[in-house]
Amino acid sequence: MKKILKLVLLFLALHHQVGAQIENTFVPINGLPSKEVYSLLVDKKGFLWIGHELGLSRYDGISLTNFTCTNQVSLSISDLLEDENGRIWCHNFSGQLFCVEKEKMVEITDYDYTKEDAYPKIGLLDKELLVTSKQGLFIYHTGNHQKKYIFKTSNDQKAQSTESIAIASNFAILYGKKQMYAYNTATGLKPITVCSMDSNNKPFKIMGIYANTTNDTVFGLDNNQTQIHKLLLRNDTLVCVGTVQCYSRVTYISKSNINKYWIHASKLSQLNDGTIQIHNKNISDIVVDHENNYWLSSLTGGLYFIPKKKAWEVKKDVFLNKDEFVKTFIASTKGIIKVTNLGNVYIGNQPNKKSVLQLPQNAGEVVNIVEVNKSEYLIITGNALVYLNIQTSIIKTYMDKVAVKKAIVDKEYIYLATAGGFKIISSHLEKEPRFVTVRGKNATKDNTEANFNTNQRSRSIAYNLSTDQMYVAYKTGLYKLTQGGYKPILYQNMPIYATDLILHKNKLVIATMSNGLLIMEDNRIKNITTKDGLTSNSIIKLQQTQEYIWLLGAGLVQVINLKTEKIENNWALPDIHGTEVYDIKIIENKNWIATNSGIYEFTLQNNKELKKPVNHLLFVTTDFTDTIYNNHSSISYSHNNIQFHIAALWYSKPLTLQIKYRLLGSTNQSWQMVSALQKTVNFSALEAGNYTFEAVAVNEYGIEAETPIVYKFVVTKPWWMQWWVYAIIAGIIIDIVYLVVQQRINNINKRNTLDLNNVQLEAQLRNSMLTAMKSQMNPHFIFNALNTIQSYIYTNDKRKASSYLGKFSNLIRTILSASNKINVTLTEEIEMLQLYIDLEEMRFEDNFEATIVVDPELNTDTIQIPPMLIQPYVENAIKHGLLHKESNRQLSISFQLMKEINAVHIQIDDNGIGRKQSGLLYKKKNEGLGFSTNANDKRIHILNQTLKNKIDISFIDKKDAEGNATGTTVLISFPLEMVRFN
């Protein structure tokens, strides 16, 4: 009896311990709208659906998406189901039915919840949604949306209510009014009996059934709801095949796997075999996701997450002091030897005070521990080699002032990579320690290549006794010890700066400072970098276990398979991000990793259960408004800002998940990476064309989702890029070209006509100029000039005759020269006028006085005007005005720049007899006003045809107070547009 009691107590204690261990792994999920959760569902895509007091939520491991319906009369949601098309079905506590499809929750109004006394229970069988009702069984076809009620029998028109439902195999089992029913599409609803499995087949009373089933087993309750009966459908009979006694009233049953299920009561949830119990959580439902993690809903605590069992665990040594951790360790005959950062050496798995030793003072930072023989060890520190004998418990400095980076032990020697170079000491530690001359393999500093200095800083060594190979990593590069000396090892003709070395058979594994990992075999070197999956190209330390090389560093643990020379990404490695890794060794066929947060122990085996992340494209929006669900969509150019809403599932470490994506057909088609927290990938202002969006979830190990997202779509051309627009534009362009060409032709014709007119005007102008020239050379003037010369000769006035003749010839030459020019400078025009006036002054002798005044602001050398344009008016003033006056003949000519009217102003003023009197005199002689005047007027008329601002000529008849004529003033205004500048 005592033995039985002990077994019972032991059983209860084990159950309590198992339950406590599970409860210690509970991770509460924050952010739910309510702590009262009724139902859970993991859908085919991997999403977790949560029915709770305030509605329905979907969880992807990172955030919640809440669903509501505008017609809801109560918020609480329960009984979650998924059909073959991925739609979610549920109901609230008022009895309303809902369906979630395309990110929207809609009510199934065909079910009239107002006529029901309680909320229903629902089940999915093929394409039918079965809903319990006081009117019998409500059936809603999920494909064609047809509805109907069916009753107990086809002839019974009185409704027989149904209260609970379970789906088992190809049948739905229902309970209502103390009667059990079976239903499928072929047979309809028919009553069935329940009996025990004994030989008497006694009737068996069931007070209800649960929706969840395990295989073909239906779970029923007795009247007190403390016994669970396992029922199997055999023809028209439910046979009880087993009973589970519960300690309190059962509230719900959840599936676990084929052979196990969870039984929930108010204060206890347990597996049906009793192996796991959860106390005082008030669990309402339990589900398992695609990564084998557990999710628990509670009526008081909300949602809990239990990660799947890890392939590793952290070992906390209770004997360590605060802030103390193991830096290196090794297995020995007396248990594990552990050396800590505080210099304590613990011997044995449960060390006592006698087995704890202390490193000598000033030993320096602990680096490693190596076994020399079964009882003797060397502890490598930053400043010394420390001798440890576990049999005698002796610990002392073996060699000081030596900074050893790595040590390798064989039968005779210990090879050391130190800050002072590559050193060798005897492995017989009882002898006085001293360095052996570096003659290993006949390589000395006297016969090394390029007179190599063996005392330079070395970082690591690699030695294989069976193959007699040795490599040393110096600060200047990597070298191999050969018969001839030190041979440098190069990669891509550059030195290799190694941080650590391991030689396995004929393969040399090289950790580098910035070039990742190198694997050298014979004359081949393979480079493994971040492009091949390395977390970092900077590797601090290497360790070897069997056929695997471990890459260690700050938060870095990766494994290289030496056979495949590839990174092993499918191992469940310890989560040591943010920690320092110091040592790794195999102890009792398990790997131990020493870090500053403890020692991790795990089995070195391929974890086939490590799941891949899952990704889904939920929907696509344009301009964040219009929602698209179908692939191969056609998107308007006016809505070419496109957003892809992505869900990535990896519940184990959701915050480390990333989305890798690209858009084929765009200007940038390279892969981009964003955190899965972003959830939305946006592309703005896409050009018209065909596109393919690709995305895939990637976890921290570089493992990608099984099925990537591929979404093809077309951005249609805008209206201005349609063919008819091009046709219209082409027509407009042709019309414009035609009009331009026609206008060009018209302009050319007009220009040709204008050029012809200009030529004609030029010819007329030249003719008028010649005519004017001829007028200046009229016989009267020449005759008078010759008479004047003759009179000087008669009077024997040789000087005046010579002077007059010289000026006369200069004037003739000037006039002839100007006749070939279109324009002359104003200076030349004034000089010609001066010659003409000088001749007239000599002819009139002392009875004629003339002056020419030029405005100082007028640059006569740079201004050009038509030649002989002023002279005719000067000639008229002399010939017709001053000639008929007996004395005091005066003539003044002035040239002035008129800035206000943008012109050159010329004034010719005389004190002659006036135009009226002169005209009377010439009329009596039957002579006109003069040939030169008429020719000049015609010339000015021709010039004015080509000018915007015309040449203006005006006459002023001067008179005295009595009205007698006192002379004439001629005003000539030349516009500056005509006055050409040099």
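1. First, a term you'll need: a disulfide is a pair of cysteine sulfur atoms within 2.5 Å. In general, a disulfide is a covalent bond between the sulfur atoms of two cysteines. Now to the cysteines here: the sulfur of Cys-195 sits 8.9 Å from the closest cysteine sulfur, in Cys-240, and that is too far for a bond.

2. Some ground rules. This is a predicted model, where local features need pLDDT of at least 70 and side-chain atom pairs count only at pLDDT 80 or more, while totals for chains, interfaces and linings use all residues. Residues are numbered from 1 along each chain as its sequence is written, and side-chain values use heavy atoms, with hydrogens and water left out.

3. (Buried means under 20% relative accessible area, exposed over 50%, partly exposed in between, using a 1.4 Å probe and protein chains only.)

4. Now zoom out. The protein has eight helices and 73 strands; these are DSSP runs numbered from the N terminus, with helices being H or I of at least four residues and strands E of at least two. Of the 982 residues in the protein, 49% are buried. Among contacts (heavy atoms within 4.5 Å) with a separation of 6 or more, 52% come from residues 24 or more positions apart.

5. Who does strand 10 team up with? Its antiparallel partner is strand 11 (residues 128-133), over four bridges; two strands pair if DSSP finds at least two bridges between them. Leu-124 has Leu-129 of strand 11 as its bridge partner. The hairpin of strand 10 and strand 11 has two residues between the strands, and Asp-126 there takes a positive phi near 55°.

6. Last, find Trp-723. Is Trp-723 buried or exposed? Exposed, with a relative accessible area of 67%. You'll find Trp-723 in helix 2 (residues 723-776).
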